[in-house]
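Here's a quick briefing to read alongside the model.

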Amino acid sequence: MNYIRHLSAAFGQMDADTRLTPYHISLYMALFRRWNLNFFKNPISVSRDELMRLSKIGSVNTYTKCLKELDRYGYIRYEPSYNPHRGSLIYLYSFDKGSDTGTDNGSEIAVRPYTNNTNSLNSENETNLGERSKNFDRGSNDSEMKEKEKLRQKKKEAAGYGPDIPPLEAHVKIYFDEKGYPPVEAEKFYNYFQSNGWLVGGRSKMKDWKAAARNWMLNAQKFNAYAKDQRNHQQGPKPGNLHTGTGKDYGEPL
């Protein structure tokens with residue numbers, strides 16, 4: 001693969017693609033750097049924190065959205081890992097249309113990947129990834145794997161049990177609806193924790209957003225009962241209902 005021809009072709013395609021934002025391009029370049037570190041072998045194993053740091057993307061939602069869209073738009077193939085101890089797998093497609101050994105009027109530049117590879121995830125998965133890279137094909141197998149992944153993603157989203165923190169707001173609404181709470185209560189919960197960085201008690205990083213949601217529901221019940229009590233107390237007795245007897249004899253001396 002020719003480094004210059006690949007990037008020139010990729011950028012040419014990106015220039016014409018009106019769906020892309022600077023975040024997509026920044027994330028693609030971060031992926032390309034990791035591909036370079038892996039000697040341009042597919043797939044590469046990546047971690048979310050590392051890619052967000054390299055691409056300068058500060059939002060997990062923006063990162064996830066861009067990664068999935070790069071997959072959908074045909075720039076990469078994304079195989080997410082739901083195991084916190086293993087990175088997701090990324091296949092990068094080669095946009096180099098020339099040969100690896102030929103020349104183009106003296107403009108051919110051979111690819112010399114950066115070899116100071118410090119990516120521990122790539123090292124740990126090197127054995128398993130080697131076999132998978134031999135069978136990588138962008139044809140029918142690629143389409144079949146994409147369809148399977150899309151089906152798994154749809155089932156996951158439909159169930160409303162996304163494992164990521166922060167969760168999707170739609171997942172939160174589904175969960176609150178299952179527990180019999182209105183969408184506005186789900187929005188209160190989501191907006192509160194979104195504003196404080198999904199911290200429990202303002203200090204600890206949240207581990208289970210569903211458990212936090214259940215606590216929120218319990219507190220909402222207590223608060224609503226207390227507010228109703230306070231309203232009843234403030235209203236007092238209704239006008240016209242004095243607590244006096246009606247059988248008083250005004251003929252008796254005081």
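In the largest nonpolar core, which has 28 residues, the members touching the most others are Leu27, Tyr28, Leu31, Tyr75, Ile76 and Ile90. Two or more residues each come from α1 (3-16), α2 (22-37), β1 (44-46), α3 (48-55), α4 (60-72), β2 (76-79) and β3 (88-92). The biggest contributor is α2, with 6 residues. Keep in mind that this is a predicted model.

**Core packing**
- Once neighbours within four places in sequence are set aside, Tyr75 is in contact with Gln13, Met14, Asp17, Leu20, Tyr28, Leu70, Tyr93 and Phe95.
- There's another core, lying apart from the largest one, with 15 residues including Ala186, Tyr190, Ala212 and Ala213.

**Helix α1**
- With 14 residues, α1 spans 20 Å from its first C-alpha to its last, close to the 20 Å expected at 1.5 Å a residue.
- His6, Leu7, Ala10 and Met14 are its buried residues, and they fall within an arc of 90 degrees seen down the helix axis, so they line one face of α1.
- Exposed residues Asp15 and Ala16 sit on the face of α1 turned away from that buried side.
- α2 is included in what covers the buried residues of α1.

**Gln13 and its partners**
- Gln13 belongs to helix α1 and counts as partly exposed because its relative accessibility is 33%.
- Leaving out neighbours within four places in sequence, Gln13 is in contact with Tyr75 and Phe95.
- Gln13 and Tyr75 are 62 residues apart along the chain, with 9.5 Å between their C-alpha atoms.

**Salt bridges**
- Searching the whole structure turns up 7 salt bridges.
- One of them joins the side chains of Glu69 and Arg72 at 3.8 Å, N to O; these two are 3 residues apart in helix α4, so about one helical turn separates them.
- Glu69 is buried at 9% relative accessibility, whereas Arg72 is partly exposed at 49%.
- Arg77 and Glu79 also pair up, with their closest N and O atoms 3.0 Å apart; Glu79 is buried at 16% relative accessibility, and Arg77 is buried at 4%.
- Lys173 and Glu187 form a salt bridge through their side chains at 3.2 Å, N to O.
- That pair links distant parts of the chain, 14 residues apart: Lys173 is in helix α8 (residues 169-178) and Glu187 in helix α9 (residues 183-195).
- Lys173 is partly exposed at 31% relative accessible area, and Glu187 is partly exposed at 29%.

Key: Residues numbered from 1 in each chain as written. Predicted model: local features only at pLDDT ≥ 70, side-chain atom pairs only at ≥ 80, totals over all residues. Heavy atoms only, no water. Core = buried A, V, L, I, M, F, W, Y, C linked by side-chain atoms within 4.5 Å. Buried < 20%, exposed > 50% of the residue type's maximum accessible area, 1.4 Å probe, protein only. Helix = DSSP H or I, 4+ residues; strand = E, 2+ residues; numbered from the N terminus. Contact = heavy atoms within 4.5 Å. Expected span 1.5 Å × (residues − 1). Arc of directions from axis to C-beta. Salt bridge = Lys/Arg side-chain N within 4 Å of Asp/Glu carboxyl O.
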